[in-house]
Amino acid sequence: MRTRIPILKLRDTLIVSIQWELDDQMALSFQEDLLNKLHSTAARGVVIDLTSIDFIDSFIAKVLGDVISMSGLMGAKVVITGIQPAVAITLIELGIRLEDVSTALDLENGLEKLERELED
Amino acid sequence: MNVTLASYIRENLNPILESWKQFMEEEEEGKFFQIMSDDMIDSTAHELGELMIFSLTENNQEFARKVEEFSVKMARHGWSISFVMKALTNFTEAIYHHMGQTGFLNDNNSGNYIRLINNWLTPLNHSIVEAYSKTWERTVQLQKMALQELSASLIPVFDKISVMPLVGTIDTERAKLIMENLLQGVVKHRSEVVLLDITGVPVVDTMVAHHIIQAADAVRLVGAKCMLVGIRPEIAQTIVALGINLNDFTTTSTLQRGMEQALAITNRQIVEVEEQ
Amino acid sequence: MSIESSVDIITEWDIVAARQLGRNEAKEVGFGTVDQARITTAISELARNIYLYAGKGKITIERIADGAMKGIVIIAADQGPGIPDLRKVMEDGYTTSGGLGAGMPGVKRLMDDFKVDTEVGVGTTITATKWLR
Ligand SMILES: Nc1ncnc2c1ncn2[C@@H]1O[C@H](COP(=O)(O)OP(=O)(O)OP(=O)(O)O)[C@@H](O)[C@H]1O
Ligand SMILES: [Mg+2]
């Protein structure tokens, strides 16, 4: 049996807190689940919290980047929160800048930021 | 060690040291001694002499301790390795010079004595140089550590705003350390804006710029904003001349300006209050 | 003196096993969190490359000591197709699979030493070392 990542809905925002190390399949099914949920709820924003994640390799980085672009196509803004210092450093050294990704220190700041961005 | 030779050197140590000092003063117009006071020259010469005598009389262990002591002192005085080598060479010279003058060395015994003296001085010189370079390495290592600590602390100034002043030259190793402290500090203090102050960085070349850009990118990933402040005119010139692109960055010339902008970003400002 | 452990890479799950092994080893050697993340990430990249491009292979993690220095060596070995154009592969963004092309040049940056032995039709062995400072 495979664990799926729970996706919560708070008003018109989806909140995803990733609590376990992601294997490739889990990352891909997360992508699918999130897009389905966006479609069924018509949410306008997504916060993905990575506080518990202690490393991200190029595969997971690509999945994350793809999720953000795909969500954008479906009219939703994504904010990534809680990237750990060690994770940020390895991403940069890998050469992955996640250039257009919107980030915040933690879930709370992320929700605020999303609210502000959706107002504009 | 030959008994006659040993007692000769012991008895004539003072004049030998005198001519050693003279040799050292002649060295590139006394360049070596210019930085030292007369007292210091005398006491150093005296110590060197004692060390030499010591090697004639004491056992190896005692001697090793003395050599170590002496080399630590030299390193503290900031003597360079070439200076130390010069001093040792000149000491040998001074011995031969004095022996020639007093007639201790003559055509009959010179071959024998030169061999004896070499057997005494060569290992002595080696152990001094070795002890010295060890001490020097340790000193450099300590300085490096001190510099690393000095240069990489994040200071929380206001709620949500921190400053990291960078001082000194940035190499790859230091850049990694700076990045780690920067990110850990940002997360720990929950800083939303961090000002990297490069007023104290003497040169910004492409390598340094690259490290700064990477640090700012990483700061963005953890969810904060990085501003570059303290850009002096000559640094601005080199950055443009080298074709380094800092367009994605907020940069300001002074820390003060940067701070005003940081406050604006976090929806705050400094106002003067009227006196009551 | 060296302690060695390894994971055969056959299924996707083995990638997870390899990087967990790597993280534990890195912790035991005494690496800090940032270096642990670097080592884990490097293993993940190399293991996934084996799975994707060679089908199967092996990740070996070795603890080493050289005088006062301690460290970890990752050896990723396969008998796959080999890499025909190594120079291109080491460029950022080069990929034959629609990935980010960050893996190989990235691993080189994450680790202290990085060496590739590859022969077309014979296989690839990549050795990457991280020293504890
Ligand atoms: N073990 C291997 N055997 C054969 N070819 C390999 C091997 N490892 C890498 N390659 C080749 O090198 C290319 C670059 O690898 P690299 O890991 O840098 O990027 P990627 O795997 O394509 O994308 P990413 O790792 O960013 O998801 C691959 O596309 C593949 O063609
Ligand atoms: Mg790869």
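A polar contact is a pair of N or O atoms within 3.5 Å; within protein, one must be able to donate a hydrogen and the other to accept it, and residues adjacent in sequence count only if both atoms are side-chain atoms.

## Basis

This is a predicted model, in which local features need pLDDT of at least 70, side-chain atom pairs count only at pLDDT 80 or more, and totals for chains, interfaces and linings use all residues. Residues are numbered from 1 along each chain as its sequence is written, chains are lettered from A and ligands numbered from 1 in the order in which they are written, and side-chain values use heavy atoms, with hydrogens and water left out.

## Ligand 1

Ligand 1 lies between chains A and C. Its shell holds 20 residues (a heavy atom within 4 Å). The closest are Tyr53(C), Thr95(C), Thr96(C), Ala102(C) and Met104(C). Tyr53(C) places a polar side-chain atom 2.7 Å from an oxygen atom of ligand 1. For Glu45(C), a polar side-chain atom lies 3.4 Å from an oxygen atom of the ligand. Asp78(C) instead faces a nitrogen atom of ligand 1, with a polar side-chain atom at 2.9 Å. Taken alone, ligand 1 exposes 610 Å² (Shrake-Rupley method, 1.4 Å probe). The protein buries 94% of that.

Helix H2 (33-54) and helix H4 (103-110) of chain C each supply at least two residues of this shell. Helices here are DSSP runs of H or I, at least four residues, numbered from the N terminus. By class, the shell has eight nonpolar, 10 polar and two charged residues. Ala, Val, Leu, Ile, Met, Phe, Trp, Tyr, Cys and Pro count as nonpolar, Asp, Glu, Lys and Arg as charged, and the others, Gly among them, as polar.

## Interface of chains A and C

In chain A, 21 residues are in contact (heavy atoms within 4.5 Å) with 26 residues of chain C. The two chains bury about 1900 Å² between them, 54% of it on carbon and sulfur atoms. Buried area is the accessible area (1.4 Å probe) that two parts lose on being put together, summed over both. Phe55(A), Glu93(A) and Leu94(A) supply 29% of the area that chain A buries against chain C, more than any other three residues.

Six salt bridges cross this interface (a side-chain nitrogen of Lys or Arg within 4 Å of a carboxyl oxygen of Asp or Glu). Asp24(A) and Arg48(C) meet in a salt bridge at 2.5 Å, N to O. On the side of chain A that touches chain C, helices H1 (24-41), H2 (58-73) and H3 (85-94) of chain A each supply at least two residues. H3(A) gives the most, with five residues.
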